[in-house]
Amino acid sequence: MSFEFPVKSNLFYLNHAAVAPLPRVAAEAMRHYADDAMNWGSFHYPEWMAAIDGVRTELSRMIGCKTGEVALVKNTSEGIATIQMGIDWKVGDVVVVFLEEFPANQYCWRLLEERKGCKLRWLSIYDPLEKIEEACRGARLLAVSWVNYLSGFRVDLKAIGEICNRHNVFYFVDAIQGLGAYPLDVKACGIHALAADGHKWLLGPEGWGVLYIEQEVQDQVFPVEFGWTTVRNWADYSSRDMTLRADAGRYEPGTLNVAGSFGLHASMKLLNDRGILEVSRRVDALAQHLADGLLKLGCELLTERSQSNGSGILSFRKDGIDSTRLHAALKTRKILSAPRQGWVRFSPHFYLEIEEMETVLDAVRDSLNSI
């Protein structure tokens, strides 16, 4: 995979949970668009629209949904806000949320408490399913991240979905740290809506992401960003009919990010063609190898990995060692990690090799001894 990922010639890249490097196929697709727009203007506009539709197609392949259930958004936060602002909340509505969430999947729900008179029921992602079930009684919505951005803990989406279904709770998932790295069937899990940006495990460019909203619940989520492409007759510029589109395109209020679509389509197709199950096996093997090696070096892991809850993210530290300095020391050795809240976070993707993880572990040992 070295040809497809030129970054391997420069770095040991363990920062996919932050910003992933572009694979060659995605960079070339974006260059193709730029050259086309420079030389031909909009002459090949149908090809541009095909790239946009290609993102919908690849997401439908990846998560088992219909293309009409896919909207394109700037980022995960916009996807979350689309759900939060689009639902007609009532005073006293209950939302189940989790303490360990990234801010993007907390702030919107906290605003409901401040501005709409809703009530938040706070849980931990490490709570047993019985406690989640108790919190869902009488709730209207549950919002959870598939994979925690710091610990890498991967929740049981299907089990939580079964709970939400039993209690008629709208089920929203922030999928940014799992989508592209692990298989997901949104129908089997009972997920009503899901959002993710493309620049992490999907290996796409920054500033372009996906929003899935199940067809059956789209009428429960009004498109608050109302634009000319929101409506049924959007291609008829003389029409003033404000009837909504019958698909998730109603959540796209205007012209979309064509350059980003070229790149994201290419990177998602790369992952789908490789097979997400195979990708997940590779990610698991790399992360577990790192986890085992770090423990042997006397490091502490934020959470213990298992086959059911592990992911491509693992955060570690060593007593008496400043994690920011360790991150910096690794960077001088061309190893890119992320300093996060007193921990060093590794996040390898499928194209890396076990032998490279051994080199990383050697560098961690040397850095620990030199700090």
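This is a predicted model: local features need pLDDT of at least 70, side-chain atom pairs count only at pLDDT 80 or more; totals for chains, interfaces and linings use all residues.
Visitor: How many aromatic pairs does the count come to?

Guide: Two rings pair if their centres lie within 6.5 Å. By this rule, the count of aromatic pairs comes to 14.

Visitor: Are the planes of Tyr 33 and Trp 48 stacked or edge-to-face?

Guide: A pair of aromatic rings is described by the distance of the centres and the angle of the planes. The centres of Tyr 33 and Trp 48 are 5.1 Å apart. Planes over 60 degrees apart count as edge-to-face. The planes of Tyr 33 and Trp 48 stand at 75°, so this pair is edge-to-face.

Visitor: Which helices does the pair of Tyr 33 and Trp 48 link?

Guide: The two residues are 15 residues apart and belong to distant parts of the chain. Tyr 33 lies in residues 24-40 and Trp 48 in residues 45-63, which are helix α1 and helix α2.

Visitor: Is Tyr 237 buried or exposed?

Guide: Tyr 237 forms an edge-to-face pair with Trp 228, with 5.9 Å from centre to centre and 75° between the planes. Trp 228 has 42% relative accessibility and therefore counts as partly exposed. Exposed means over 50% relative accessible area. Tyr 237 has a relative accessible area of 64%, so Tyr 237 is exposed.

Visitor: Which residue lies over the face of Phe 3?

Guide: A charge sits over a ring if, among other conditions, CZ of Arg is within 6 Å of the ring centre. At 4.2 Å from the ring centre of Phe 3, the residue over its face is Arg 24.

Key. Residues are numbered from 1 along each chain as its sequence is written. Side-chain values use heavy atoms; hydrogens and water are left out. Rings of Phe, Tyr and Trp (its six-membered ring) pair if their centres lie within 6.5 Å; planes under 30 degrees apart count as stacked, over 60 as edge-to-face and the rest as tilted. Helices (H or I, at least four residues) and strands (E, at least two) are DSSP runs, numbered from the N terminus. Buried means under 20% relative accessible area, exposed over 50%, partly exposed in between (1.4 Å probe, protein chains only). A charge sits over a ring if NZ of Lys or CZ of Arg is within 6 Å of the ring centre and within 35 degrees of the ring normal.
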